Every structure is written in structure tokens, then in C-alpha cells.
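Subject: Structure for you to look through

Dear colleague,

I am passing on the structure we talked about, together with some notes on what was found in it. Please keep the structure open beside this message while you read.

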Amino acid sequence: MQLILVAAEGQLIDAFKHNPTFMVLNLITSAIVLTIVVERFIFQSSRYRVNSKEFFAQIKKLVAAGNIDRAIKLCEASDYPILQLVKAGLTHANKGADEVDAALSEKLGELKPEAEKRVGALWSLANIATLIGLLGTVSGLIATFAAIAAPGLSPSDKQAMLSNGIAEAMYNTALGLGIAVFCMIAHVLLHTRAKNIQHDLEGTVERTFNLLTIQRTGQ
């Protein structure tokens, strides 16, 4: 088994030396993919870590007590999107239901796209990686057929060229497909998290609107 791994590693190095163009392109693609995935996971985990229900319970108590200014200051304690959204409603609390609704809708329109920003690019990068891998595969096959048809070469030289061409084709295929699969898995995870975040933002808008209009009017 160890000998097989050593041989495979040697073939990979030889294939890379023979024609590194498409492998390098896919390595650059993989670096871009990793950057996007890490940045989005950190962004989603850090910017939306507020417990919206617990936070809103505090806001509800302050609004019920008539402490709108104090509730606004609580929202200004950080720049988390949930806090910004509630603040947008609180700053228009005394301007009527239409003003509150407009302010909340406008702020929601600003915040929702941020949750899914750059996530959609992963699908495009998956396709790009697959196509680059396919180009590398075709390049390797061309080298393979050239080795078979090459005149004046010894059988050992033809065998070496044939081996390098096939290795180049297979490794490019594997690299392209591996990056594409990773992109798709990351997209599913990040897209699902983004939808949950957006659903939470929409729920916060509804609760804030009800708190500042219906519930306050009924007091």
C-alpha cells in the first residue's frame, strides 16, 4: 500500500512538472473558494450570534415601560444586524404605523442581502473548477495520443509519456471534481444558514412592528 502511495505521489509530481497550467489554475480557484467559505462562516457566526428572542424580550420590557430612548441605547451597544433592525423601528416609534413599517422594510432590505453575499459565487466556482479540470483532462489525453503516435521513440520512452499523459488527465479530473464537490457542500451549508438568518430578521421585523404599533396602541 505504501509503495502504491509513493508511486501515485511520484506520478502526481511528474504530471505537475509536465503541464502545470490547469492544476495551477485550479489551485488558484481552490484558494478563492477557501477564502470565500472561511470569510462567510466567520461573518455568519460572528455578526448574527445575538439571541434575537432574548434580546427582543428586553426591548419589549423597555417599550412597555415607555423607555424608548433606553431601548434605542441598548440597540446602539453594538452594530449587530438584529440590533440595527430593531433600532430602525424604535427611532420611528412615535411617527405612526406606516412610518415604522417603512423604516423596518428599508432596513431589512439593506440587511438581508449581506447574509448571503458571495455565497452564490460558489456555484460558479464549482463550474469553473470542473471545466478547468476537464481542459486538463483533454490536455493529458492529447499528450497520451501524441506519445502513442510519436515516431522514433523507444518503447520505454513511449511508456513514460503514456503514463505521464494519463496521470495528467486523471489528476486534473480529480482536482476539478474535488473542488466542485467542496463548493457545492459549502454552498448548501452557507445558503441554509443564510436563509435561517434572513428568516430570523423577518421575524424580528414582524415582532418589532407589532410591538410598536398594535401592542402600544392597545395599552
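A salt bridge is counted where a side-chain nitrogen of Lys or Arg lies within 4 Å of a carboxyl oxygen of Asp or Glu, and by that rule the structure holds six salt bridges. Please bear in mind throughout that this is a predicted model.

Let me begin with the overall layout. The chain has eight helices and zero strands, so that reading from the N terminus the elements run α-α-α-α-α-α-α-α. Of its 219 residues, 37% count as buried, and the chain exposes about 12,400 Å², of which carbon and sulfur atoms supply 64%.

The largest nonpolar core has 30 residues, and the members that touch the most others are Phe55, Ile59, Val63, Cys75, Leu83, Leu90 and Leu201. Helix H3 (52-64), helix H4 (68-75), helix H5 (81-90), helix H6 (97-115) and helix H8 (155-218) each contribute at least two residues to this core, and the largest share, six residues, comes from H8. A second, separate core consists of 13 residues, including Leu125, Ile179, Ala186 and Leu190.

Helix H5 deserves a careful look, because eight of its 10 residues are buried and it is therefore largely enclosed by the rest of the structure. The buried residues in H5 are Pro81, Ile82, Leu83, Leu85, Val86, Ala88, Gly89 and Leu90. Leucine 90, once its neighbours within four places in sequence are set aside, is in contact with Ile59, Val63, Ile68, Ala71, Ile72, Cys75 and Leu212.

Threonine 208 lies in helix H8 and counts as buried, at 1% relative accessibility; leaving out residues up to four places away in sequence, threonine 208 touches Phe56, Val86, Gly89 and Leu104. Asparagine 26, in helix H2, is buried with a relative accessible area of 0%, and beyond its neighbours within four places in sequence asparagine 26 is in contact with Ala129, Ile132, Gly133, Asn172, Leu175, Gly176 and Ile179.

Which residues make the nonpolar surface patch of about 300 Å²? The patch is formed by Val24, Leu25, Ile28 and Ile32. Isoleucine 32 belongs to helix H2 (residues 21-47) and is partly exposed, with a relative accessible area of 40%. Isoleucine 128, which is found in helix H7 (residues 121-149), is likewise partly exposed, at 40% relative accessible area. The C-alpha atom of isoleucine 128 is separated by 8.1 Å from that of threonine 29, although the two residues are 99 apart along the chain.

Let me return to the charged pairs. Side chains of opposite charge can pair when their charged atoms come close. Aspartate 79 and arginine 47 meet through their side chains in a salt bridge of 3.2 Å, N to O, and this pair links distant parts of the chain, since aspartate 79 sits in the loop between H4 and H5 while arginine 47 sits in helix H2, 32 residues apart. Here aspartate 79 is partly exposed, with a relative accessible area of 46%, whereas arginine 47 counts as buried at 18% relative accessibility, the cut-off for buried being under 20%.

Lysine 87 and glutamate 76 form another salt bridge, at 3.3 Å from N to O. Because lysine 87 lies in helix H5 and glutamate 76 in the loop between H4 and H5, the pair ties together parts that are 11 residues apart in sequence. Lysine 87 is partly exposed at 30% relative accessibility, and glutamate 76 is partly exposed with a relative accessible area of 48%.

Glutamate 110 forms a salt bridge with lysine 107, with the closest N and O atoms 3.3 Å apart; as the two are three residues apart in helix H6, they are separated by about one helical turn.

Finally, the cysteines: the structure holds zero disulfides, while cysteine 75 counts as buried at 3% relative accessibility and cysteine 183 counts as buried at 1%.

With best wishes

How values were computed:
Residues are numbered from 1 along each chain as its sequence is written. This is a predicted model: local features need pLDDT of at least 70, side-chain atom pairs count only at pLDDT 80 or more; totals for chains, interfaces and linings use all residues. Side-chain values use heavy atoms; hydrogens and water are left out. A nonpolar core is a set of buried Ala, Val, Leu, Ile, Met, Phe, Trp, Tyr and Cys residues joined through side-chain atoms within 4.5 Å. Buried means under 20% relative accessible area, exposed over 50%, partly exposed in between (1.4 Å probe, protein chains only). Helices (H or I, at least four residues) and strands (E, at least two) are DSSP runs, numbered from the N terminus. Contact means heavy atoms within 4.5 Å. Patches are made of residues with over 30% relative accessible area and no salt bridge: like charges are joined within 9 Å, nonpolar side chains (Val, Leu, Ile, Met, Phe, Trp, Tyr) within 5 Å. Accessible areas come from the Shrake-Rupley method with a 1.4 Å probe; for residues, only the protein chains shown count as cover. A disulfide is a pair of cysteine sulfur atoms within 2.5 Å.
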